[in-house]
Structures are given as structure tokens and as C-alpha cells.
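Subject: Structure handover

Hello,

Here is the structure I promised to pass on. Please open it and keep it beside this email while you read.

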Amino acid sequence: MWTFGRKIAAGFTLAFLLLLGIGGIAYRSLDLLANTSHTVTHTHEVLERIANLLSFLKDAETGQRGYVISGEDSYLEPYKSGVENLPKVIKELRELTADNQNQQKRLDQVEQLAAAKLAELKRTVELRRKTSFEETVKVIRTGEGKKYMDDMRSVLGQMEREERELLKQRAEEVETASSGAKTTIIFGTVLCLLVVTAAGFLITRSLSGQIGSAVRHVQSSSAELQSAANQQASGAKESATAMTEITTTISELLATSRQIAESAQRVAHVAEETSSAARTGDTTVQRSHDSVNSVKRQVDLIVTHMLDLGKKSQQIGGILEIINELSEQTNILAINATIEASGAGDAGKRFAVVADEIRKLADRVGGSTKEIRVLIEEIRAAVNTTVMATEGGSKAVDLGARQFVEVTAALKQITELLGTTTAAAREIELSTKQQATAVEQVNIAVSNVAKAAKETEVSSSQTLQTAGQLAGLSRELIRLIQATASA
Amino acid sequence: MTTISLISAKAAELRRVFDQARAVPSSTGVEVQTESLLAIRVARDPYAIRVSEISGISTDKKVVALPSPVPELLGVTGLRGAIVPVYSLAALLGYGQETGQVRWLVLCGTDEPFALAFSGFEGYLCVPQAELYSAEQKDVRRTFVTHAARATKMVRALVSIPMLREAIQERCRTSGVPKEQ
């Protein structure tokens, strides 16, 4: 199937070929006319030179006659002008008729006749100058001069007739070429009109169908484009809103990144101070460890002394048991002595008193022994409690000493970790600054995107407007095509 | 005040009381009639024994058990060069045999001596006669108890040793066991 361009090109090519043919023929006719006109002009120039030649001869003869008659030199001006210009005219005629042998031959005769005439005029002028009028008239009356002029007129007449013949012939040629060109142009133009009309009709009929179908497609496409542009405008508006929100969020993110960078910087600073404090704490812990070891030695000594005290109090308890037993036995003996004294009657009264005092003393000793036992038991309990507490303290001190070692190791680890923390915080600070820079770039990019989204929104509106215009144009085009088809 | 100083003060007080007792005259002129008692505890109940009714007190004596139809008889022991029967005071008073160690013995009588064993001896009491009451007055109705004494803010039942002697003799006669020497 031929495309629009091919069809239109074929139609225009046919019209162009016809116009080219007509133009060629017209050009050829015009060229022929121009050449003919040029030759005609040339012929007119030749005729003008022939007339000039005859005129110059007449001027020379007129001057010769005036001088002869008047004998004044002022009448010789035409003569001199004719003598001076005649050779130039003959030379121009010879050049103008160089392609015409007949005219060249006649020019030879003209040149001879002109030379003879000028010689005759010169003789008569010289004669008039030397002699009188009458002498000069006698010479003129010989008719030599007239004969030269008649021959000259005869030859120039032949030349003029030939040139007139040539002019007539060329006029006929011009007429023939002109009529042929007119005929060619008229028929060619008519033929071209017919061809262009037929091609236009065929192309119009062909294109109206295809263009109509295409325009309908364009119309449906423009409707779809309108719908798509609507969606695009809506999407672009949503994108612009989202980009605005993203820009706000990124701004907040940027502020947060800056806060993080500042916090990381503060963390690094605090970590450095903490590392210094940890080193100081390490020294303090070392001193405390020495102090704890000293305390441990003192506590061990206290434990030893308390154990000795416990043993001593146990020994005191044993002695107290003996004392208690002795007081009990003394009490029993005193009671028995009292019984015996009561059995002895009056003689035993004083003994009974002594026995009673001994019994009372034994009672008091027993009571005191019980109190002292309670006290000793309290001392032993206190010693045991103290020993247990001291042993617990010793264990706590041991544990504390071990924990001090662990604390020292932990402080060293803390120092190392603080170094790592400082480095990490600095890395975080650096990374966060880079992140902030990146976020700034992203912010700029997002701002550009937001701007682009707004431009897209505007562009979508324009697209929507253009789609509407396109739909209108499609309807208009369909209307035009249908109108053309119906017409 | 520390414990050591307390003990030192207690020893000084004992010394002072003893010296003072020896320094005052033996008689103040006005004598108050008193009764010497031994404060004992039987099955956690407070009792008392008249010193005038016993002939001695001893402790931690080895008691050799003997087979006997009298359940209150714990065995025999050696006191003051003689072998005497030992009876459980708690069993005689109706409490049954005491479970704890019975380390105190009181010797009763001189012609036909016997010993009473009990677990708790609380001390020697010198009670005015005015503080002695009949058992009915203090509503102390127990066997072998005729009187009660109030001492150290406590009422104690007075065990009658003669009544116990008669009861032991009666039981020995009814059980067919010859009297112990």
C-alpha cells in the first residue's frame, strides 16, 4: 500500500514532469525568440550603421558644397566630421556583418566607393581653396562625385534590402516559435491541469479514507491521552504533595542527623573524660586493693585473737563449772551441817549459824555463778558471733579483694572499651556528618524532584489542555473530511 | 559496764556480804520463829520439805536398781556408810516415774533410813512460822501434804515425810516384802 508521501510525491512528480516538459518547450521557444530578437536587433544595428554611413557621406558632401560655395572654412565642419567617422562606421559594419559573405563583398565595394568619393571631395575642397568657385564647379560638373554617390546608394540599398529580407525572415521565425510555444504551453497547461486534477481527486479520495480512519484513531487516542493526562495530573499532584512531605521529613531527618552528630561528639567527649576517670579509678582501685589486703591481714589477726578469746572464755566456763559445782557441794554441805546442827540442840546453834552463813554464801556464789555463766555465755556467743562475723568479713574481704581484681580488670576493659567507644563515636559523628551532607544532597535532589513534579503537574495540565485541543482538532478534522467527502 | 567489771563487782559484793555477816553480832535479841525448808520441784510442781524431817541431802549418787513389787522403789544406794532404799518421790506423790535425770536424794530417818529421789532442787528456805498454813487454808489438796508455805511470792505444798514413811511401810507390808534394813 502506498503511503501518503508516496502518493503525493507521485502526483507531484507527474505534475512536475509535465511542468518540466512544458517549461523545457517554453524555454526552448523563449531561447529561440531571444536569439531571433538578438538577430533582429543585430539587423537593426546593421541598418542603423548603413544609414549612418550614408549620412556621413552626405555630411561630407554637404560640407564640401558649402565650402565650395562660400569658400569659408566654417562650412568644412560637416566634411571633417564625415571624413573622420566614415572609416569607423565601415569598420563597425564589417564587424557586424562578418558572418555574411555577401555583405562583406558589398562592404568592399562600399569601402572603395567611399575612398573614391572622399578623394573626389578632398580634390574639390583643395581646388576651391586654391582656385575659384567657378573652377571648382567645373570639376564638380564632371559628375564623378555624383556617380560615386549613386553607386554608393545602390550598394547600400542592396545591403539594406538584404538586411530587410533577413529581418522579415527572422520575424517569421519568431512568429513560428512564438505560436509553437503558445500552443505547447496551452496544451501542456491544460494537460497538466487535467493530470493534477485527476491526481488530486485520486489522492484526496484515497487520503480522506485513510486520514479519516487515522483521525478517528487520533480522536480515540486523544481521548485516552486526555484520560491519561488527567491521571498523570492527579498523580503529579499527589507526587508533588508526597514530595513536599518527603522534603519536610528529610528536613527533619537532616535536623535529627545534625543532632545525632552533636550527640556523638558529646558522647566522644564524655567517653574521653570517662576514660580519663577510669584510669584514675584504676589507680584508686589499686590503692584500695592494697588497703583491702591490709584490712584482710588485720581481719585475719582479729579472727585469731577472737578464737583465742573464745578458747579463753571456754576455759573460764570450765572453771565456772567447777566453781558452780563447788558452790553446790558447799550448799549441800551447809544444808547437811544445818541439819546436823539442829540435831545437836543448843550446842549446835552457833554451828548452825556458821553453816547457814556458808549456805547463804554458797547460794550467793551459785547465783553469781549462774549470772557469770550467763555473762560468759553471752561473751562466748558474742565471741562466736564476732568470729563468724569476722570470718564473714574476712570472706567478704577476700571476695572484695577478688572483686577488686575483677574491678581492675573491668576498669581496664572499660578503658579499652571506652577507647573503642570514642573511636566508634567519632566514626558515628563522621558518618552522621556525611549522612547529613548526603541528606542535604538528597534534600536538594528531592526539592528538584518536587519542583519537577510540580512542573510535571503543570505539564500534565498543559498535556490535558493539549489533549483537549487535539480532541477538538480531531473532531474538526473529521468534520472537514466528512464535509469534503460529502461534497 | 563490761562483763569483766560486772564479775569483779559481783565478787566484791560477795566478799562484802560475807565479811558483814561475820562482823555483826550473832543475835539481835528478838528472834523470829522460822521453819527451814528445802524448795524442790516434782514434775514441775513446787514442793517443800522440812529440814527438820530429814537427816541429810546428797546428789549424784549411783542408784542400783533392784527387782521389787513396789513400783516406787528405784533401787538402793550407799549413804553415810549404809545401804538405803531409794524411792521416787514423784511416784509416791502420784505423778508416776519422772522421765528426766533424778539426781537429788534426801535421806530420811536414822533408825530405818530411806531416801527420796527427785529431779529439781531449788534452794534452802527459811520461812517464818506465820507463813505456814494448813493445806485447807491454801486449798492445796494433795496426798502426803498437810501444810503449805508461802515464800518468794509462791505457795509450796509441804510434803510430810512421816506420812510418806508410814505409807512406804504400809506398802511393804501389803506387798509381802520384808522391811529393808
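Below is what was found, starting with the interface and then moving to single residues.

First, the ground rules. This is a predicted model, in which local features need pLDDT of at least 70, side-chain atom pairs count only at pLDDT 80 or more, and totals for chains, interfaces and linings use all residues. Residues are numbered from 1 along each chain as its sequence is written, chains are lettered from A and ligands numbered from 1 in the order in which they are written, and side-chain values use heavy atoms, with hydrogens and water left out.

The interface

Chain A brings 23 residues to the contact, and chain B brings 22 residues. Contact here means heavy atoms within 4.5 Å. The area buried between chain A and chain B is about 2,000 Å². Buried area is the accessible area (1.4 Å probe) that two parts lose on being put together, summed over both. Carbon and sulfur atoms give 71% of that area.

Two salt bridges link chain A and chain B. A salt bridge needs a side-chain nitrogen of Lys or Arg within 4 Å of a carboxyl oxygen of Asp or Glu. One of them pairs R103(B) with E328(A), and the closest N and O atoms are 2.9 Å apart.

Which helices of chain A each supply at least two residues of the side that touches chain B? They are α5 (144–343) and α6 (349–486). Helices (H or I, at least four residues) and strands (E, at least two) are DSSP runs, numbered from the N terminus. On this side of chain A, α6(A) gives the most, with 14 residues.

Chain B

Chain B has three helices and 11 strands. Along the sequence they run α-β-β-β-β-β-α-β-β-β-β-β-β-α. Chain B has 181 residues, and 44% of them count as buried. Buried means under 20% relative accessible area, exposed means over 50%, and partly exposed is in between (1.4 Å probe, protein chains only). Take contacts in chain B between residues at least 6 apart in sequence: 54% of them join residues at least 24 apart.

Start with T77(B), in strand β4 (residues 73–79) of chain B. Is T77(B) buried or exposed? T77(B) counts as buried because its relative accessibility is 5%. Its side chain reaches the backbone oxygen of K62(B) at 2.8 Å. Leaving out residues up to four places away in sequence, T77(B) touches several others, including V63(B), I83(B) and L105(B).

Next, go to Q219(A), in helix α5 of chain A. With a relative accessible area of 25%, Q219(A) is partly exposed. Beyond four places away in sequence, Q219(A) touches S474(A), R475(A) and I478(A). Q219(A) and L477(A) are 258 residues apart in sequence, but 9.7 Å apart in space, C-alpha to C-alpha.

Finish with T466(A), in helix α6 of chain A. T466(A) is partly exposed, at 45% relative accessible area. T466(A) and S222(A) are 244 residues apart in sequence and 9.0 Å apart in space, C-alpha to C-alpha.

Best wishes

Technical notes
Polar contact = N/O pair within 3.5 Å; in protein donor to acceptor, adjacent residues only side chain to side chain.
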